[in-house]
Amino acid sequence: ISAHPDDVELGCAGTILAAREQGRKVGILDLTRGELGTRGTPEIRIQEAEAAARILGVSIRDNVGIPDGFFQNDSLTQLALVPYIRKYRPEIVLANAIEDRHPDHGKGAKLIYDACFLAGLRRIETVDEKGDFQEAWRPKFIYHFIQDRYIKPDFVVNITPYWKKKEEAIRAFRSQFYDPNSDEPNSYISSPEFLDFVEARSKEHGHTIGVKYGEGFTTQRILGINDLWSLI
């Protein structure tokens, strides 16, 4: 779950691809349509998001449709997100960075965390698209991927085998990233240097665990293990 279309691709696409190869069912839920973005349009970004979803092989990609830039972590917005959590019933949620350059990322992280908790309270009643009442559901784990600002990860996932496919998913958002033939205005993420940075960050995280590419995550709870060899 992430604030904008392309947040997931930049932050955790490699981890999604690894989970898919392991036979896991994965979906993406975007909170907004990214309608305040400097480049492109909401309609174009939805098309790009669908293209990226096909590259990643996810089961679904949905959009809550809350306002880009202006959403708050309040009861109305939390209650807009709860039905999606109950509908898709994820075991693990990967969410925005806990703090970042873009205010929506930190706000999104807290909103997602709180909505996941509230979704598990049975006295909060919600209905699905057909008007049927939904059962309470709370994900077991929430991990936050690292975005623009450096945050020391609590763990790093090896995504070396999936780097090229992650890069392909990022580049599916053609309106947003570097395109020498584009006549769109420049933005923070549209320079070739930004994509160089994304690769460098992934290499930095990979280096910390002795691989070429990695994706870092933070967690708000201590991870428990039953076997030291599971850390190898």
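This is a predicted model: local features need pLDDT of at least 70, side-chain atom pairs count only at pLDDT 80 or more; totals for chains, interfaces and linings use all residues.
Residues are numbered from 1 along each chain as its sequence is written, and side-chain values use heavy atoms, with hydrogens and water left out. Local features need pLDDT of at least 70 and side-chain atom pairs count only at pLDDT 80 or more, while totals for chains, interfaces and linings use all residues.

Rings of Phe, Tyr and Trp (its six-membered ring) were paired if their centres lie within 6.5 Å, and planes under 30 degrees apart count as stacked, over 60 as edge-to-face and the rest as tilted. By this rule the count comes to 7 aromatic pairs. The ring centres of Trp 163 and Tyr 213 are 4.6 Å apart and the planes lie at 5°, so this pair is stacked. Trp 163 belongs to helix 5 (residues 163-171), and Tyr 213 to the loop between helix 6 (192-208) and strand 6 (214-219), so the pair ties together parts that are 50 residues apart in sequence. Helices (H or I, at least four residues) and strands (E, at least two) are DSSP runs, numbered from the N terminus. Trp 163 counts as buried at 3% relative accessibility, as does Tyr 213 at 6%; buried means under 20% relative accessible area, exposed over 50% and partly exposed in between (1.4 Å probe, protein chains only).

A tilted pair is formed by Phe 194 and Phe 197, at 5.9 Å centre to centre and 45° between the planes. Both residues lie in helix 6, 3 residues apart, about one turn of the helix. Phe 194 is buried at 10% relative accessibility, whereas Phe 197, at 27%, is partly exposed. Ring pairs also link Phe 141, Tyr 143, Phe 155 and Phe 217 into a cluster.

A charge sits over a ring if NZ of Lys or CZ of Arg is within 6 Å of the ring centre and within 35 degrees of the ring normal. The charged end of Arg 101 is placed in this way over Tyr 188, 3.6 Å from the ring centre, and that of Lys 107 over Phe 71, 4.8 Å from the ring centre.

Helix 4 (residues 103-118) has buried residues including Leu 111, Ile 112 and Cys 116. Elements covering the buried residues of helix 4 include helix 1 (7-21), helix 3 (75-88), strand 3 (92-95) and strand 4 (141-145), with contact meaning heavy atoms within 4.5 Å.
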